[in-house]
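This report covers a few local features of one protein chain. The sequence and structure come first, followed by the notes.

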Amino acid sequence: MTELPEDYVRVLDKGYVGLLGVYGDDRGKVSPPNAARTSFKKNSGSFTDEQNDRLTHYLLRNKEHACLRHNVMTFEMRMPLMVARQWWKYVVGSNFTEDQLGWNENSKRYITEENEFYIPLSTEWRSAPENAKQGSGTQLPEDKGRSWTQALIDWTSEGERLYGLALQDNLAPELARLFTANGNYVTVQWTTSLNALLHFLDERLDSHAQHEIRLYAQAVEQFFRAAFPVVYSSWDSVRIKERLESKKLGDFSELATKYHDLLKIVRVMELDLEAVSDRDDLYTENQQLKQDLENTKSKSWFARLKGK
C-alpha cells in the first residue's frame with residue numbers, strides 16, 4: 001500500500017480517509033453563528049465565545065441546519081466500490097447535491113492502475129441476519145470464514161486475469177473493467193457542507209448501517225470533531241438525547257460502555273444518578289464504571305458532573 005500522510009486514518013485492509021481542506025470554523029466570519037446573525041445584520045465578532053456557542057447549540061437542537069451550509073470540508077478517501085456506491089446513495093439523499101458537495105472518483109475509463117481488492121479476513125465474515133431484509137448476523141466460524149476468504153481471493157484473481165487479457169486484446173478500458181469485482185478499491189475526493197456531512201453521519205454511524213461503511217463514517221467523524229469542535233459537541237449531544245428519548249435501550253447500552261459517554265448522557269439528559277447507577281444492563285463491558293458510580297453517589301459529585 002502507498003505510504004500515507006501521518007494524519008490519514010487507515011480503514012479496512014487497504015482503505016483510508018484523509019482531510020484535504022476546511023473552509024470556515026466554529027466562531028469566525030464563516031461559521032454557523034455568524035451565518036445565523038446575518039438575519040439581524042449582526043456578526044459573531046460582536047458576541048462572546050459563550051454566546052456564539054449557545055447559538056450554535058440552539059441551531060442544532062432546533063434543526064436549523066441552513067446555517068451549516070457555508071462551512072465545507074474536503075476529504076480524500078480510498079474504499080471498496082460497494083462502499084462508494086452506498087455512500088453516494090446517502091449523499092444524494094441529502095438533497096444538497098447540486099451546490100453543496102463535490103464528488104470525483106478515479107475512473108477505469110481513463111486509467112489502468114493496479115487493482116486492489118477488499119479481502120475480509122477469516123474472522124470478518126458475517127452470517128445473514130434472522131431478519132433477512134438487510135444487514136448482517138453473527139460472525140461465521142473462523143474455519144468457514146477461511147474458506148470464503150480463499151474463495152474471494154481466487155475469484156478476484158480470475159477477474160484480474162481476464163481484465164489483463166481484455167486490455168491486451170485492445171478492449172476499451174471502460175468495458176474491460178467489467179471483469180473487476182465489487183470489492184475493487186476506488187479513490188474519491190469528496191467536498192461537502194456540514195449540513196450534508198451531518199446527514200451522512202446520522203445515517204452511516206447508526207448501528208444498523210453496514211459495518212464497512214460505518215468504519216469510514218467513524219473516520220470522517222474524527223476529522224469533523226477536530227475541525228469543528230463546537231458544532232460537533234452540539235450535534236453529538238442532540239443525537240444522544242434523541243436516541244435516548246426514542247427509548248432505544250440497546251443504543252443506551254452501546255453508548256454507555258465508555259465511561260465518558262455515560263457522563264455525557266447523564267449531563268445531557270439531566271438523569272437521576274441513582275436511576276442510572278441501578279441500570280445493570282449498562283455495565284456488561286465496563287464493570288469499573290459501575291463501581292465508580294457506586295462509590296460516587298453524592299449530590300456534590302453530580303453537581304460537578306453537570307458543570308463539566
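In which loop is Asn-170 found? This residue of the predicted model is found in the loop between helix H4 (142-168) and helix H5 (173-176).

**Positive phi values**

Most residues other than glycine have a negative phi. Asn-170 is not a glycine, yet its phi is positive, at about 70 degrees. Lys-41 is another residue other than glycine with a positive value, and its phi is near 55 degrees. The loop that holds Lys-41 runs between helix H1 (32-37) and helix H2 (49-61). The table sets out the two residues.

| Residue | Phi | Relative accessible area |
|---|---|---|
| Lys-41 | near 55 degrees | 80% |
| Asn-170 | about 70 degrees | 69% |

Exposed means a relative accessible area over 50%. Lys-41, at 80%, is therefore exposed, and Asn-170, at 69%, also counts as exposed.

**Helices H6 and H7**

Helix H6 spans residues 194-204 and helix H7 spans residues 211-227; the two pack at an angle of about 140 degrees, with 9 Å between their axes. Angles over 145 degrees would count as roughly antiparallel, and 65 to 115 as roughly perpendicular, so H6 and H7 are oblique to each other. Their crossing is left-handed.

On the H6 side, the contact is made by Leu-194, Leu-197, Leu-198, Phe-200, Leu-201 and Arg-204. These meet Ile-213, Arg-214, Ala-217, Val-220, Glu-221 and Phe-224 in H7. Of the residues in this contact, 9 are nonpolar and 3 are charged, with no polar ones.

**Glu-212**

Beyond neighbours within four places in sequence, Glu-212 is in contact with Leu-12, Met-82, Val-83, Tyr-118 and Arg-126. Pro-80 lies 132 residues from Glu-212 in sequence, but the C-alpha atoms of the two are 9.1 Å apart in space.

**Confidence**

The mean pLDDT of the protein is 75, and 67% of its residues reach 70 or more. The pLDDT is below 50 over residues 247-260, a stretch with 30 contacts in the model beyond near neighbours in sequence. Residues 296-308 are also below 50, and this stretch has 21 such contacts beyond near neighbours in sequence.

Note on methods
Residues are numbered from 1 along each chain as its sequence is written. This is a predicted model: local features need pLDDT of at least 70, side-chain atom pairs count only at pLDDT 80 or more; totals for chains, interfaces and linings use all residues. Side-chain values use heavy atoms; hydrogens and water are left out. Axes are lines fitted to C-alpha atoms, for helices over the stretch in contact, and angles run from 0 to 180 degrees between N-to-C directions. Helices (H or I, at least four residues) and strands (E, at least two) are DSSP runs, numbered from the N terminus. Angles under 35 degrees count as roughly parallel, over 145 as roughly antiparallel, 65 to 115 as roughly perpendicular and the rest as oblique. A crossing is left-handed if the near helix is turned anticlockwise from the far one by less than a right angle, and right-handed if clockwise. Contact means heavy atoms within 4.5 Å. Ala, Val, Leu, Ile, Met, Phe, Trp, Tyr, Cys and Pro count as nonpolar, Asp, Glu, Lys and Arg as charged, and the others, Gly among them, as polar. Buried means under 20% relative accessible area, exposed over 50%, partly exposed in between (1.4 Å probe, protein chains only). pLDDT is the predictor's confidence in each residue, from 0 to 100.
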